[in-house]
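Please brief me on the model shown here. Start with one loop, then cover the overall build, the cross-links and the packing.

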Amino acid sequence: MTQNKTFSNDPSVLAKGPQYSAVNYNTDYEYGGSSGFQPGSTYKVFTLAEWLNEGHSLLESFNGQRRAFTSFTNTCDGNFVGSFDPKNDDGRVATNAVNATKWSVNTSFVAMAQQLDLCGVKETAQAFGVHRADGNPLQMNPSDVLGTQEIAPLTMAEAYAGIANNGLTCEPNAIKKIRDAEGEAIYSPEPQCTQSVTADVAAAMQYAMQETFTGDGTAVASNTYSGVPHIGKTGTTDDSKDTWMNGASTKVATAVWVGHVTAPAGRQVALRNIYWDSGPAATARHRMWKDIMTVADAKYGGEAFPEANAEFFKQVLIDIPQVIGLTPEAAQAALEEAGFVYQAGVEEDSSEPKGRVSSISPEGQAGRGTMITVNVSNGNVGAVPNVVGMTEDAARDQLNGYNVRVREEDVSDPSQDGVVISQDPSGGENARQGSRVTIVIGRFVDTGPGDDDGGGTGNGNGTNGGGGG
């Protein structure tokens with residue numbers, strides 16, 4: 001444990017200057033007078049753990065878009081009914097647990113928590129040794145998913161050590177051994193450990209938490225590039241009053257909290273616009289964690305974390321509700337109730353009534369949280385009237401609004417003369433208003449024998465007789 005103020009348990013040292021403190025900011029109030037700090041997004045890993053505990057996968061889709069969340073299950077304290085509208089630091093939207101962890105997207109973790117039991121999230125955090133620094137009971141409201149309970153840095157280091165230790169969490173103990181004057185060990189404390197989550201769940205957590213150090217992950221600035229693998233998670237509260245970087249190798253876990261508590265009455269102030277010689281105060285956590293873990297990596301090393309089981313990468317598909325023919329409002333409600341994201345599409349030609357849903361994309365099955373584009377009918381498509389048997393004029397009247405083309409065809413049945421004998425499209429088929437409809441009009445042609453056979457009589461010698469007709 002270390003802090004950048006000289007510590008004394010004698011409060012009178014405060015009069016000597018701001019560099020002194022009678023508070024140990026690392027520990028609970030009972031051990032040093034600190035009531036802890038909001039851990040911000042470093043607390044999200046416990047929602048990740050419960051997400052996996054309850055059978056969800058790392059790549060399972062959900063709706064991570066910003067919106068007001070109105071209901072949560074909490075079997076410990078009673079279900080939440082109200083409105084919780086969290087914000088994100090940037091415009092990124094994560095639709096699976098890996099990206100939600102990598103980018104630390106608030107709305108994504110709240111969306112995950114809404115599918116869980118908040119009581120389960122709290123109990124999973126407690127299984128990792130998490131408790132309030134002031135000794136009061138740990139709470140679990142929707143906002144607590146984002147880390148609003150005051151926790152001591154030592155407690156967060158313990159929890160992250162448990163994650164790195166394949167789910168086995170051990171209580172912190174400052175004593176390794178006690179030796180007598182001759183150097184003989186007379187006491188070695190037995191570690192008090194709890195299997196917080198299964199090793200399989202821990203491995204899946206480790207996979208997601210390693211991603212924070214890659215690409216555009218939030219912990220890239222803490223990467224030691226030592227070759228030792230790390231898990232990690234950043235945390236920042238409103239206005240950067242509390243900034244954290246917590247993480248671990250398979251050997252060492254470290255939690256870094258940076259805040260400003262020299263304001264009047266001990267209130268914290270924002271770090272966002274404060275600059276030190278080493279750089280911006282809001283990013284000091286990265287510089288500290290990187291320096292500490294670089295030394296730890298060199299001294300203790302660290303192995304690769306276990307591979308996560310394939311079951312934690314399964315894709316989960318659910319049925320998309322049938323919304324064709326509904327109003328857009330009803331379709332949106334049905335899709336969002338099923339866990340999909342509604343997106344308004346275009347007006348299109350359709351046989352559905354004007355203003356009703358005519359098509360969606362995709363359709364059938366998709367992952368929860370998939371964006372469903374909903375198109376609406378312009379009412380321009382309908383069933384073509386059946387005009388077979390009508391006169392041309394009557395057929396044209398029935399086909400008003402279509403582009404009628406006429407073709408004649410010889411018929412041998414007098415009853416078909418001057419009437420429609422066929423049409424394309426056929427009667428009852430759907431066609432857009434203004435499209436071509438071809439009608440075929442019958443024209444009677446008499447193909448029977450003539451009235452005069454042209455015959456005659458004669459004697460056959462050609463002198464008296466007619467020729468063949």
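**Briefing on the predicted model**

S240 lies in the loop between strand 9 and strand 10. Helices (H or I, at least four residues) and strands (E, at least two) are DSSP runs, numbered from the N terminus. The model is predicted: local features need pLDDT of at least 70, side-chain atom pairs count only at pLDDT 80 or more, and totals for chains, interfaces and linings use all residues. Residues are numbered from 1 along each chain as its sequence is written, and side-chain values use heavy atoms, with hydrogens and water left out.

- S240 is not a glycine, yet its phi is positive, at about 60 degrees.
- S240 is buried, with a relative accessible area of 3%. Buried means under 20% relative accessible area, exposed over 50%, and partly exposed in between (1.4 Å probe, protein chains only).
- D239 is found in this loop too, between strand 9 (231–236) and strand 10 (242–248).
- D239 also has a positive phi of about 60 degrees, although it is not a glycine.
- D239 counts as partly exposed, at 46% relative accessibility.
- Most residues other than glycine have a negative phi, and most peptide bonds are trans.

**Overall build**

- The protein has 10 helices and 23 strands.
- Its radius of gyration is 39 Å, well over the 23 Å that the globule rule gives for 469 residues, so the protein is more spread out than a compact globule. The radius is taken over C-alpha atoms, and the rule is 2.2 Å times the number of residues to the power 0.38.
- Along the principal axes, the C-alpha atoms fill a box of roughly 165 × 50 × 45 Å.
- Buried residues make up 42% of the 469 residues.
- Among contacts (heavy atoms within 4.5 Å) between residues at least 6 apart in sequence, 66% join residues at least 24 apart.
- The accessible surface comes to about 23,900 Å², and 46% of it belongs to carbon and sulfur atoms. Accessible areas come from the Shrake-Rupley method with a 1.4 Å probe; for residues, only the protein chains shown count as cover.

**Disulfides**

- The structure holds two disulfides. A disulfide here is a pair of cysteine sulfur atoms within 2.5 Å.
- With bonded cysteines counted along the chain, the pattern is 1-2, 3-4.
- C76 is partly exposed at 32% relative accessibility, while C119 is buried at 4%.
- The other disulfide is formed by C170 and C193, their sulfur atoms 2.0 Å apart. The link is right-handed, with 105 degrees about the S-S bond.
- C170 lies in strand 5 (residues 168–170) and C193 in strand 8 (residues 193–195), so the pair ties together parts 23 residues apart in sequence.
- C170 is partly exposed, with a relative accessible area of 26%. C193 is partly exposed at 34%.

**Helix 9**

- The buried residues of helix 9 (residues 328–337) are P328, A331 and L335. Seen down the helix axis, they fall within an arc of 60 degrees, so they line one face of helix 9. The arc is that of the directions from the helix axis to the C-beta atoms.
- These buried residues pack against strand 15 (341–348), strand 16 (357–361) and strand 18 (371–377).
- The face turned away from the buried side carries the exposed residues E329 and E337.
- Just after helix 9, G339 takes a positive phi of about 100 degrees.

- S57 sits in the loop between helix 2 (44–53) and strand 3.
- S57 is buried, with a relative accessible area of 0%.
- Not counting residues up to four places away in sequence, S57 touches W51, L52, A97, E311, F312, F313 and K314.

**Cis peptide bonds**

- A cis peptide bond joins S361 and P362, with omega about -5 degrees. P362 is in the loop between strand 16 and strand 17 (365–367).
- The peptide bond from D424 to P425 is cis, with omega near 0 degrees. P425 is in the loop between strand 21 (420–424) and strand 22 (430–432).
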